[in-house]
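Colleague: I have a model open and would like to learn how to read it. Please take me through the folds and the charged contacts.

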Amino acid sequence: MNLGPLEIGLIILAVLLLFGYKKLPDASRSLGRSMRIFKGEMKGMKDDDARAVPPSPASPAALQAADADRRAQLEAEAAAAEARAAELRARAAQPGAADAR
């Protein structure tokens with residue numbers, strides 16, 4: 001469906017008759033603002049979608065290595081806590097330990 005010069009002229013004449021020549025600049029200015037706001041909001045939504053994409057998960061080998069490191073760290077902390085508890089029990093079992101304080 002092609003619009004020729006006659007059809008375009010008739011559309012312009014109909015718009016001028018409906019809105020009047022005084023309101024036409026205000027209407028086009030308002031339409032331009034609305035388009036600019038709409039464009040900005042669409043760009044903002046695209047940016048939000050791009051930021052919301054979750055990062056790719058780590059490989060299973062990397063996860064296993066991290067788990068092994070964490071397990072070793074926890075085992076070392078547990079051994080230190082057990083040694084400290086044994087030391088405190090030994091100190092409490094000594095006769096006269098309460099008098100030394």
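This is a predicted model: local features need pLDDT of at least 70, side-chain atom pairs count only at pLDDT 80 or more; totals for chains, interfaces and linings use all residues.

Colleague: What does the secondary structure of the protein come to?

Modeller: Start by counting the elements and then read their order. Here the protein has three helices and zero strands. Along the sequence the pattern is α-α-α.

Colleague: How much of the protein is buried?

Modeller: A residue counts as buried when its relative accessible area is under 20%. By that cut-off, 1% of the 101 residues in the protein are buried.

Colleague: Which residue forms a salt bridge with arginine 29?

Modeller: The partner is aspartate 26, and the closest N and O atoms are 2.9 Å apart. Arginine 29 and aspartate 26 lie three residues apart in helix H2 (residues 24–52), so about one helical turn separates them. Arginine 29 is partly exposed, at a relative accessible area of 45%. Aspartate 26 is also partly exposed, with a value of 45%.

Colleague: How far apart are the closest N and O atoms of lysine 43 and aspartate 47?

Modeller: They are 3.7 Å apart, and the pair forms a salt bridge. Lysine 43 and aspartate 47 are four residues apart in helix H2, which means a separation of about one helical turn.

Colleague: Is lysine 43 buried or exposed?

Modeller: Exposed counts as over 50%. Lysine 43 has 54% relative accessibility, so it counts as exposed. Aspartate 47, at 33%, counts as partly exposed.

Colleague: Which residue forms a salt bridge with glutamate 87?

Modeller: That is arginine 91, with the closest N and O atoms 2.9 Å apart. Glutamate 87 and arginine 91 sit four residues apart in helix H3 (residues 60–93), so they too are separated by about one helical turn. Glutamate 87 is partly exposed at 38% relative accessibility, and arginine 91 is partly exposed at 41%.

Colleague: Which residues do salt bridges that share partners join into one network?

Modeller: The network consists of Arg84, Glu87 and Arg91.

Note on methods: Residues are numbered from 1 along each chain as its sequence is written. Side-chain values use heavy atoms; hydrogens and water are left out. Helices (H or I, at least four residues) and strands (E, at least two) are DSSP runs, numbered from the N terminus. Buried means under 20% relative accessible area, exposed over 50%, partly exposed in between (1.4 Å probe, protein chains only). A salt bridge is a side-chain nitrogen of Lys or Arg within 4 Å of a carboxyl oxygen of Asp or Glu.
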